[in-house]
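Reader: I'd like a close look at one part of this chain, with a bit of context around it. Could you walk me through it in plain words?

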Amino acid sequence: MKLKVMGMIAGLAWGGAALAQGTQDSTMPQEPPMQDPSMPQDPAGTQPPRSGSEMSGGMGGSQMQGQQELSGSIVAVKRDKLYIKDENGAVVPVGVTHSTQIDGKTIEKHRDIHSHLRREIKEGDQVRTRFNVEKTTENMASSVEKMNK
């Protein structure tokens, strides 16, 4: 999905550049378009990048793979989710399951996740969490560690 979106953005960028060139006043001398040095070069200058990872210099695809880490302050605890405000001010929801370790301990299977979270984590707590992105949009915590014990 991410690659499709990146491809659409690349197509729009290439189409907009062509449209801008086609509407220039014919009395104005035309200069070749500026090339991004990180973009793969096409000698004819006619082919757009083939994938989103090529367009972003190879970094776009790797950011969503594997385990991620987030540090910040808890702004809300709702049901089985922690809402963490990062250093940039973005609030990121992170899901919690019975297999999530909170300060090194998993939540007992018979315990309600929400009750456990309300008891262990308070709004304003500074935490560091490790999580995986599941189903392309769901952040699921593997561990949560309070930093202000």
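Author: Going along the sequence, the protein chain runs α-α-β-β-β-β-β-α-β-β. Keep in mind that this is a predicted model. In total, the chain has three helices and seven strands.

Let's zoom in on helix 3, which spans residues 113–120 and has Ile113, His116 and Leu117 as its buried residues. Look down the axis of helix 3 and those buried residues fall within an arc of 100°, so they line one face of the helix. And what sits over them? The cover over the buried residues of helix 3 includes strand 1 (68–78), strand 2 (81–85) and strand 4 (101–102).

Now hop over to strand 7, residues 138–146, where you'll find Ser143. Ser143 has a relative accessibility of 18%, and because the cut-off for buried is under 20%, it counts as buried. Setting aside neighbours within four places in sequence, Ser143 is in contact with Thr100, Gln101, Arg128, Thr129 and Arg130.

Stepping back to the whole chain, 23% of its 149 residues count as buried. As for contacts with a separation of 6 or more, 48% of them in the protein chain are between residues 24 or more positions apart. Finally, the surface: the accessible area of the protein chain is about 10500 Å², and carbon and sulfur atoms account for 54% of that.

Methods
Residues numbered from 1 in each chain as written. Predicted model: local features only at pLDDT ≥ 70, side-chain atom pairs only at ≥ 80, totals over all residues. Heavy atoms only, no water. Buried < 20%, exposed > 50% of the residue type's maximum accessible area, 1.4 Å probe, protein only. Helix = DSSP H or I, 4+ residues; strand = E, 2+ residues; numbered from the N terminus. Arc of directions from axis to C-beta. Contact = heavy atoms within 4.5 Å. Areas by Shrake-Rupley, 256 points an atom, 1.4 Å probe, with all protein chains shown as cover.
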